[in-house]
Amino acid sequence: MAGILAWFWNERFWLPHNVTWADLQSTEEAAFPQAEDLYLAFPLAFCIFMIRLLFERFIAKPCALGLKVQASGPQKAQPNAILEKVFTAITKHPDEKRLEGLSKQLDWDVRSIQRWFRQRRNQEKPSTLTKFCESMWRFTFYLYIFTYGVRFLKKTPWLWNTRQCWNGYPYQPLMPDLHYYYVVELSFYWSLMFSQFIDIKRKDFGIMFTHHIVAVTLLTFSYVTNLTRVGTLTLCLHDVADIVLEAAKMANYCKCQKLSDLLFLTFAIVFIVSRLGIYPLWILNTTLFEMYEALGNFPALWVFNMLLVILQILHCLWSYLIIKAAYKAISKGKVTKDDRSDIESSSDEEETVPRSKTLNSTVTTNGTSGANGTNGYLTCSEEH
């Protein structure tokens, strides 16, 4: 085990030439990031999750009810032991052959059985109230941590001059405010890593899971190597768009369509400008060019930049989906399914309804009809 740890923490990988771990040990004069500091993130992640449960129950839910957010979920399927057994033990999406067999066994027509399975799948979806509470929690956290980040960063020299991120590296003392900022953000992402398995499921679950892994790895990696200055810039930049997104969802759940449309379009603009404009020109520019000019080259920098580039690839994927959703909303003027991650998994969407029932309305994935705007793109609750 000692040999494995020695190999893993090889100074030639993690640190610049002629720098050792002993040089970065905290003293009475100056504190430096230590890997063991990050163990605090695990109990804190559990605390954040418990705070979330209390917040959703005692703050978000009363607010939702006061705003008359719909509390009931989808219509429940009528009890049927045979169909329930097939649903739970065999398949939630029976094929044509199984539908015909069940039709003969129950003396039901195939359309009625399809409707039962659709209703049974839908009744497992969360209610609008549940989604509102989740969005309100995320909105509150993102607003708090973004405000904290701005208040901290406006006092630092590296906000205005990114070259200051590398001045004196790696002997940059760890400020208490920076340590708090990092640990809280890391704890929040750890809580998302685990809670997304019980949260509202979305069709980009894989991309979101990848994003959380990259975020946790980046936070951990940058803290251990004391690349925290540029890390704080990245954190603050990423939180701003999420605030607007969660606000747009809450407005949608409250059926404030004009406000929801305005917030969604604002979110699209903020996301694209921050993730496709400011991020590569501000963050990637300093890590890919200014960092190498100031520090030279050692392996950890390559890994750090690789993770930042993966994050940019995810930004491009999401930007495509956001632009696609906004284009549909503006050009077609009608509600369709959301093409981004803030809807539930597409696997449970309803089968096509007869043409006679769709001539005068458009049905969203949550069963809410709409005529125009971006309202249909926000019928759910997410993360990022």
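Predicted model: local features only at pLDDT ≥ 70, side-chain atom pairs only at ≥ 80, totals over all residues.
**Helix 8 against helix 9**

I started with helix 8 (residues 176-195) and helix 9 (residues 205-224), whose axes come within 10 Å and cross at roughly 155°. With the cut-off for roughly antiparallel set at over 145 degrees, that makes helix 8 roughly antiparallel to helix 9. I also noted the hand of the crossing, which is left-handed.

Helix 8 brings several, including His179, Tyr182, Glu185, Leu186 and Trp190. From helix 9 I wrote down Phe209, His212, Val216, Leu219 and Tyr223, among others. Sorted by class, this contact has 12 nonpolar, five polar and one charged residues.

**Helix 8 against helix 10**

Then I turned to helix 10 (residues 228-253), where the axis comes within 11 Å of that of helix 8 and the two cross at roughly 55°. Helix 8 and helix 10 are therefore oblique to each other. This crossing is left-handed too. On the helix 8 side I found Leu178, Tyr181, Tyr182 and Glu185, facing Thr228, Gly231, Thr232, Leu235, Cys236 and Asp239 of helix 10. The class count here is five nonpolar, three polar and two charged residues.

I see that Tyr182 and Glu185 turn up in the contact with helix 9 and again in the one with helix 10.

**Cysteines**

Cys63 is partly exposed at 32% relative accessibility, whereas Cys236 is buried at 9%.

Technical notes. Residues numbered from 1 in each chain as written. Heavy atoms only, no water. Axes fitted to C-alpha atoms, helices over the stretch in contact; angles between N-to-C directions. Helix = DSSP H or I, 4+ residues; strand = E, 2+ residues; numbered from the N terminus. Parallel < 35°, antiparallel > 145°, perpendicular 65-115°, else oblique. Left-handed = near helix turned anticlockwise from the far one by under 90°. Contact = heavy atoms within 4.5 Å. Nonpolar A, V, L, I, M, F, W, Y, C, P; charged D, E, K, R; others polar. Buried < 20%, exposed > 50% of the residue type's maximum accessible area, 1.4 Å probe, protein only.
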